[in-house]
Amino acid sequence: MLGEFSYYNPTRLYFGKEAMEGLRQEMKQYGSKVLFCYGGGSIKKNGIYDQVIAILNDCGKTVIEDAGVMPNPTVQKLSEGCRLARENQVDFILAVGGGSVCDYAKAVSVSAYCEEDPWEKYYLRMEDVNNTILPVGCVLTMVGTGSEMNGGSVITKEEQKRKIGRVFGENVFPKFSILNPEFTYTVPRYQMVAGFFDIMSHILEQYFSGEDDNTSDYLAEGLLRSLIHSSRIAVKNPTDYEARSNIMWVATWALNTLIEKGKSTDWMAHMIGQSIGAYTNATHGMTLSAVSIPYYRYICPFGLQKFKRYAIHVWDVETTGKTDAQIAAEGLECMEAWMKEIGLVMNVKDLGVTEDMLDGIAEGSFVMDGGYKTLSHEEIIQILQESGKQQCMPK
Ligand code: NZQ
Ligand code: ZN
C-alpha cells in the first residue's frame with residue numbers, strides 16, 4: 001500500500017431492527033426546530049413517517065415538513081428547502097428517505113445561509129463551505145448511495161442538463177444515520193436492484209485503479225462477494241432480513257471513504273451515468289448498469305492484471321489453460337450474467353437515451369484520470385453506442 005492519508009468518519013450509525021431508538025437518543029442533543037425532509041410519500045404508506053413524527057413529538061420538537069424531494073433532486077427544490085430552513089430558523093435537518101433525500105438535506109445544510117448562488121459556489125466552482133452548516137441526520141429507507149455516511153450530495157440543474165456530485169468534508173457528513181434493514185422491504189424491485197448495482201459500481205470505481213498490493217482492494221473484494229451473494233437471495237425473497245441487512249451494511253462501507261484509502265480512484269462510469277441522468281432523469285443505478293459492461297470491456301486491456309484478479313477473487317473464474325485476457329473477459333461475462341439475472345438495465349435506450357443526445361451526454365461527462373484509461377469524447381460516445389447494442393428490457 002503506497003498512498004498516504006488520514007482517516008476519520010464522524011457519522012454515528014444505529015443499525016438493526018431497533019435502530020430507530022437511536023433517533024430518540026440523538027434528537028436530545030439538538031435544538032427544538034427540525035426540518036423534516038422526505039420524498040414523494042413512500043414513508044407515509046409504509047409507516048416510517050408515523051414512527052418519525054411520534055419520536056419528534058415525544059422529544060418536544062417543532063417539526064417543519066419539507067416533502068416532495070424528488071429522485072435526482074433539483075436546484076429549484078433546493079432553493080425551496082433553503083427558504084424553509086431560513087424562515088423557520090431550523091436547528092436540525094432530518095432526512096428520511098433514500099440517497100436523494102439525504103443528498104438534498106446536505107445541500108440545504110450548506111446552502112441555507114450561503115450568500116451567493118449555492119449551485120455556482122458549491123457545485124460549479126466547488127468552493128469550500130465558509131458559512132453556517134446546519135447539522136443533518138438520516139433515517140435511510142433505500143440502500144445504494146452510501147449517502148448515509150459520506151459527504152456526497154448530487155444535485156441536478158435541469159435547464160443546464162447538468163447533474164453534479166459534490167463531495168463535502170467531514171463537517172457536512174450526517175451526524176448520525178438510522179439503518180433498519182426492514183425499512184427497505186417496501187422499495188420497488190426496479191429501485192431495489194438499481195441500488196444493488198449502485199453499490200457494486202461504487203466498489204468497482206475504487207477497485208479498478210492502481211497496481212500496488214493494497215489492503216483496500218481486498219476489502220473491496222470481500223464487499224463485492226457479500227453483495228453478489230445476498231443480492232441473489234434478496235431478488236427471490238425481498239423480505240429476507242439477513243440478505244437485506246448484509247446489503248445495507250455493504251452499501252455503507254462501499255462509499256464511506258474507507259476503501260478508497262491509499263489509492264487513486266476511477267469514477268468514470270459515474271461521470272457518464274450522471275450525464276445520462278441529467279438528460280433523461282433516469283434512475284441512478286440503472287444509468288451505471290447500462291454503461292458498465294461496455295466501459296469495463298473497453299478499459300480491460302489497460303488494466304489487465306486487475307481485471308484478471310477481479311475474475312478470480314470475485315467471480316471464482318477457473319484459470320487452468322487460459323490466457324490472462326481470457327480470464328479477465330470471463331470475469332466480465334460472469335458480471336454481465338449476474339446483472340441480467342437480477343434484472344438490471346443493460347441498454348441506454350431503455351433509459352430514454354436517443355442518438356441525438358450522445359454528443360451532449362459525452363460533453364457533460366467529466367473526464368477523470370485516476371483509472372486505467374483516460375477517455376476521450378469519442379471514446380465516451382463509443383461506449384454509449386456499445387450500450388445501445390446490448391439486450392433491451394422485456395416490454
Ligand atoms: O420519494 P419516495 O416516495 O420516498 O420514493 C422513493 C423514490 O421514488 C423510493 N423509495 C425509497 N425508499 C423507499 C421507497 N419506496 C418504497 N419504500 C421505501 N422504503 O425509491 C425511489 C428512489 O429513491 P432515491 O432516494 O432517489 O434513490 P437512491 O437512494 O438511489 O438515490 C439516488 C440519488 O443519490 C445520488 C444519485 O445521483 C441520485 O441523485 N447519489 C448520491 C451519492 C452520494 N451521496 O455519495 C453517490 C451516488 O453515486 C449517487 O450519485
Ligand atoms: Zn452511485
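Histidine 270 counts as buried, at 5% relative accessibility; buried here means under 20% relative accessible area, exposed over 50%, and partly exposed in between, with a 1.4 Å probe and protein chains only. The model is predicted: local features need pLDDT of at least 70 and side-chain atom pairs count only at pLDDT 80 or more, while totals for chains, interfaces and linings use all residues. Residues are numbered from 1 along each chain as its sequence is written, chains are lettered from A and ligands numbered from 1 in the order in which they are written, and side-chain values use heavy atoms, with hydrogens and water left out.

The zinc ion (ligand 2) is coordinated by Asp198 through OD and by His202, His270 and His284 through NE2, at 2.0 to 2.1 Å. Donors are N, O and S atoms within 2.8 Å of the metal (3.2 Å for Na, K and Ca), and water is not among the atoms, so sites may look incomplete. Along the sequence, the donor residues of the zinc ion follow the spacing D-x3-H-x67-H-x13-H. Distant parts of the chain are linked in this way: aspartate 198 belongs to helix α7 (residues 189-207) and histidine 270 to helix α10 (residues 268-280), 72 residues apart. Helices (H or I, at least four residues) and strands (E, at least two) are DSSP runs, numbered from the N terminus. Aspartate 198 is also buried, with a relative accessible area of 3%.

Helix α10 has 13 residues and reaches 18 Å from its first C-alpha to its last, close to the 18 Å expected at 1.5 Å a residue. The expected span is 1.5 Å times one less than the number of residues. This helix is mostly covered, with 12 of its 13 residues buried; among them are Met268, His270, Ile272, Gln274 and Thr280. Tryptophan 267 lies in the loop between α9 (241-254) and α10. Its phi is near 70°, a positive value in a residue other than glycine. Most residues other than glycine have a negative phi. Tryptophan 267 is buried, with a relative accessible area of 15%.

Another positive phi occurs at glutamine 89, where the angle is near 45° in a residue other than glycine. Glutamine 89 is found in the loop between α4 (75-87) and β4 (92-97), and at 54% relative accessibility this residue counts as exposed.

The next site is that of ligand 1. How many residues surround ligand 1? There are 30, and the closest are Gly40, Ser42, Gly99, Ser100 and Asp103; a residue is counted if one of its heavy atoms lies within 4 Å of the molecule. By class, this shell has eight nonpolar, 19 polar and three charged residues. Ala, Val, Leu, Ile, Met, Phe, Trp, Tyr, Cys and Pro count as nonpolar, Asp, Glu, Lys and Arg as charged, and the others, Gly among them, as polar. Helix α5, strand β6 (152-157) and helix α7 each supply at least two residues of the shell.

Oxygen atoms of ligand 1 lie 2.6 Å from a backbone N or O atom of glycine 40, 2.7 Å from a backbone N or O atom of glycine 99, and 3.3 Å from a polar side-chain atom of asparagine 72. Taken alone, ligand 1 exposes 960 Å², and the protein buries 90% of that. Accessible areas come from the Shrake-Rupley method with a 1.4 Å probe; for residues, only the protein chains shown count as cover.

Helix α5 (residues 99-111) has 13 residues and reaches 18 Å from its first C-alpha to its last, close to the 18 Å expected at 1.5 Å a residue. In α5, 12 of the 13 residues are buried, including Gly99, Asp103, Ala107 and Ser111.

The side chain of serine 153 reaches the backbone oxygen of aspartate 103 at 2.9 Å. The side chain of serine 153 also makes a polar contact with the side chain of tyrosine 123, at 2.7 Å. A polar contact is a pair of N or O atoms within 3.5 Å; within protein, one must be able to donate a hydrogen and the other to accept it, and residues adjacent in sequence count only if both atoms are side-chain atoms. Serine 153 is buried, with a relative accessible area of 0%.
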